[in-house]
Amino acid sequence: MSRILGLLIVLAVTGCTTPPIAPPGKALIRPMALRNTQSKTFSPRLVIREIDGHSLAAEEAESAVALPPGPHTVTVTMLAHTGSAVGNYSLGPVGTAIGNAIDMLHSTQFESQLSFRAEAGHTYRACVMDDGRGYRYWIEDETQRRVVAGSRYW
């Protein structure tokens with residue numbers, strides 16, 4: 001019994017979750033930043049900045065967005081810190097301002113535009129990978145487990 005309880009706790013802590021479900025008659029897309037041990041960025045974050053030329057609100061950009069079926073062009077932006085952590089320390093107002101300025105100098109922002117055809121009932125994931133050699137962007141269909149735009153390989 002204690003082994004089962006332990007397994008359930010591990011699953012809850014590690015975030016073993018299933019992808020969100022698309023609303024009826026729609027597709028769903030969400031952003032995901034990935035990095036490996038050779039990456040040059042810290043805390044990468046991917047946001048969906050635009051869909052079909054329409055800007056998204058900040059709260060939408062980092063969450064799952066419903067799409068009608070059909071062709072779409074998605075603009076994704078990767079934001080990451082490249083090494084400075086001074087802004088995370090409590091150095092008082094002047095120190096914090098200096099830390100924030102250093103953080104801005106050491107931040108990376110890259111963008112990519114990807115086009116794909118969304119299918120109703122499918123869930124998609126817009127991804128960026130920092131593997132130390134550069135950044136790759138792609139969209140994968142989580143429903144069919146296949147890449148539909150860009151490439152996850154060099």
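This is a predicted model: local features need pLDDT of at least 70, side-chain atom pairs count only at pLDDT 80 or more; totals for chains, interfaces and linings use all residues.
Thr77 belongs to strand S5, which covers residues 70–81, and the side chain of Thr77 is joined to that of Glu111 by a polar contact of 2.8 Å.

Ser112 is placed in strand S6, which covers residues 107–118, and with a relative accessible area of 17% Ser112 is likewise buried. If residues up to four places away in sequence are not counted, Ser112 touches Val74, Thr75, Val76 and Tyr137.

## The five-stranded sheet

Five strands form an open sheet with mixed pairing, and their order is S4-S1-S7-S8-S9. The edges are taken by strand S4 (65–67) and strand S9 (146–150), each of which has a single partner strand, so one side of each is left without a neighbour in the sheet. On average, and with direction ignored, neighbouring strands of this sheet are turned by 30° against each other.

S8 is mostly covered, since six of its seven residues are buried.

## Aromatic pairs

How many aromatic pairs does a search of the whole structure find? The search finds two. The rings of Phe116 and Tyr124 have centres 4.9 Å apart and planes at 55°, so this pair is tilted; the angle falls between the 30 degrees below which planes count as stacked and the 60 degrees above which they count as edge-to-face. Phe116 is buried at 6% relative accessibility, and Tyr124 is buried at 1%.

## Salt bridges around Arg125 and Glu140

The count of salt bridges comes to eight. In one of them, the side chains of Arg125 and Glu140 meet at 2.2 Å, taken from N to O. Arg125 lies in strand S7 and Glu140 in strand S8, so the pair ties together parts that are 15 residues apart in sequence, and both Arg125 and Glu140 are buried. Arg125 also meets the side chain of Glu142 in a salt bridge, at 3.9 Å from N to O. Because Glu142 lies in the loop between S8 and S9 while Arg125 lies in strand S7, this pair ties together parts that are 17 residues apart in sequence; Glu142 is buried, as is Arg125.

Glu140 forms a salt bridge with Arg152 as well, and the closest N and O atoms of that pair are 3.2 Å apart. Glu140 is in strand S8 and Arg152 is in the segment after S9, so parts that are 12 residues apart in sequence are tied together. Which of these two residues is buried, and which is partly exposed? Glu140 counts as buried at 7% relative accessibility, whereas Arg152 counts as partly exposed at 28%. A network of salt bridges links Arg30, Arg125, Glu140, Glu142 and Arg152.

## Positive phi values in loops and hairpins

Most residues other than glycine have a negative phi. Asp52, a residue other than glycine, has a positive phi near 55°. Asp52 lies in the loop between strand S2 (42–51) and strand S3 (54–55), and at 35% relative accessibility Asp52 counts as partly exposed.

Arg145 also has a positive phi near 55° and is a residue other than glycine. Arg145 lies in the loop between S8 and S9, in a hairpin that has four residues between the strands, and Arg145 is exposed because its relative accessible area is 75%, over the 50% cut-off. In the hairpin of S7 and S8, which has four residues between the strands, Gly132 takes a positive phi near 95°.

Terms used:
Residues are numbered from 1 along each chain as its sequence is written. Side-chain values use heavy atoms; hydrogens and water are left out. Helices (H or I, at least four residues) and strands (E, at least two) are DSSP runs, numbered from the N terminus. Buried means under 20% relative accessible area, exposed over 50%, partly exposed in between (1.4 Å probe, protein chains only). Contact means heavy atoms within 4.5 Å. Two strands pair if DSSP finds at least two bridges between them. Axes are lines fitted to C-alpha atoms, for helices over the stretch in contact, and angles run from 0 to 180 degrees between N-to-C directions. Rings of Phe, Tyr and Trp (its six-membered ring) pair if their centres lie within 6.5 Å; planes under 30 degrees apart count as stacked, over 60 as edge-to-face and the rest as tilted. A polar contact is a pair of N or O atoms within 3.5 Å; within protein, one must be able to donate a hydrogen and the other to accept it, and residues adjacent in sequence count only if both atoms are side-chain atoms. A salt bridge is a side-chain nitrogen of Lys or Arg within 4 Å of a carboxyl oxygen of Asp or Glu.
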